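Thank you all for coming. I would like to walk you through some side-chain contacts this morning, taking the aromatic rings and then the charged pairs.

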Amino acid sequence: MEENNLQCSSVVDGNFEEVPRETAIQFKPPLYRQRYQFVKNLVDQHEPKKVADLGCGDTSLLRLLKVNPCIELLVGVDINEDKLRWRGDSLAPFMGDFLKPRDLNLTIILYHGSVVERDSRLLGFDLITCIELIEHLDSGDLARFPEVVFGYLSPSMIVISTPNSEFNPLFPSVTLRDSDHKFEWTRMEFQTWALYVANRYDYSVEFTGVGEPPAGAENVGYCTQIGIFQKNGGKATEACVSEQHDQHVYKARQGLTMLPRLVLIFHPQAVLLPHLPKMLRLQVFTTSYPSLQQERFFKLVLVNEVSQQVESLRVSHLPRRKEQDGERGDEPKDIGGSKAPVPCFGPVFTEVEKAKIENSPKPFCVGDKFFVPLQRLLAYPRLNRLCANEEMMRSVIADSIPLSSDGSAVVTDLYNYFDEQFGF
């Protein structure tokens, strides 16, 4: 239930178009962005795996958080089904996400429903955010809100932001900042409520905010006040979560994830094709991102990295090989050199990484065949990060890249058609 993110003569986030621009307080960055960035910084600090945004509105916060590598499950809940339907597809992976998959799986789900309804699918989360939400709740829903979010869902951390009404006199002709707000609290009112809730449900809470007041008005505090609640004793145990009965009250947004469509663009004969009818019958709007935890994408990335590294080594040794043309024979020739080659536009290695590469088995030639030992490839940081050992690399690339008879090296032609085009 986020405020409209409009750029006009607004005093807060674009909701007071009648206010003359010269009298309006301008926040840089805009206040809504400061709130989202606050949450983003908190996620960077605590690295939660499961995050839910209650009152996710147009999903702007979800779109900001989905790039965080630590998050594996990202859920949005909102009462406005039209917004979910309109903005949902913007959460689907782009083409670049398939070219460079994430390290960890990521699933994004949108649910349609009220934040004061219990739904067991939101149990066991590390972080739940409620950004500019509680002021939209009537007295009955506000009373139920702590019971559901703190008592039933009981995540490790909860972030709640709400307007600070003490800031409002700095705005021309403002009583409430949005026509849908049921109330706006002073700092004392918010802190009294927050401390009561924290004490009742065994949380600690600290207070901060975003939106600095102008010079001379520091006594009013931040424009947006924020409470950060942390569960005493850490995360709820899996046993506690499993004891809860399944209770699914949220209505799932129906729609087809974009994942199959994008994968089919990349791989016309991809393995997802037989499962397309199943995807069409999905009741929950869900987008799954490609990751290195998925075998098909891990293999795709590893084969691509190995191929690029082998080609880089082959090209870097062609001039040296040309000088040896008069010495060609059937005996293996060590052409690795004493130093690790650094491609002109490739990565820059640290001294430790250079030493590791230099001490690894060097590429060699037999006739017009070029051999790169797997141990050499594993010495390069990017490949070492992907593969733990030689056996793992061999098992993944064996059916995609030619290997030597004993499987210890990648084999490729020393020369190809394009070498002559580039003067080799």
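Predicted model: local features only at pLDDT ≥ 70, side-chain atom pairs only at ≥ 80, totals over all residues.

Residues are numbered from 1 along each chain as its sequence is written, and side-chain values use heavy atoms, with hydrogens and water left out.

The structure contains 15 aromatic pairs, a pair being rings of Phe, Tyr or Trp (its six-membered ring) whose centres lie within 6.5 Å, with planes under 30 degrees apart counted as stacked, over 60 as edge-to-face and the rest as tilted. Phe 167 and Phe 171 have ring centres 5.4 Å apart and planes at 45 degrees, so this pair is tilted. Because Phe 190 sits in helix H6 (residues 187-200) and Phe 207 in strand S6 (residues 203-210), the pair ties together parts that are 17 residues apart in sequence; helices (H or I, at least four residues) and strands (E, at least two) are DSSP runs, numbered from the N terminus. Phe 190 is buried at 1% relative accessible area, whereas Phe 207, at 29%, is partly exposed. Both belong to one aromatic cluster, together with Phe 145, Phe 183, Trp 185 and Trp 193.

Now to the charged side chains. There are 14 salt bridges, each being a side-chain nitrogen of Lys or Arg within 4 Å of a carboxyl oxygen of Asp or Glu. One of them joins Lys 40 and Asp 44, at 3.3 Å from N to O, and these two residues lie 4 residues apart in helix H1 (residues 31-46), about one turn of the helix.

Asp 103 and Arg 385 also form a salt bridge, with their closest N and O atoms 2.4 Å apart. Since Asp 103 lies in the loop between helix H4 (95-99) and strand S3 (106-112), and Arg 385 in helix H13 (residues 381-386), this pair ties together parts that are 282 residues apart in sequence.

Technical notes: Buried < 20%, exposed > 50% of the residue type's maximum accessible area, 1.4 Å probe, protein only.
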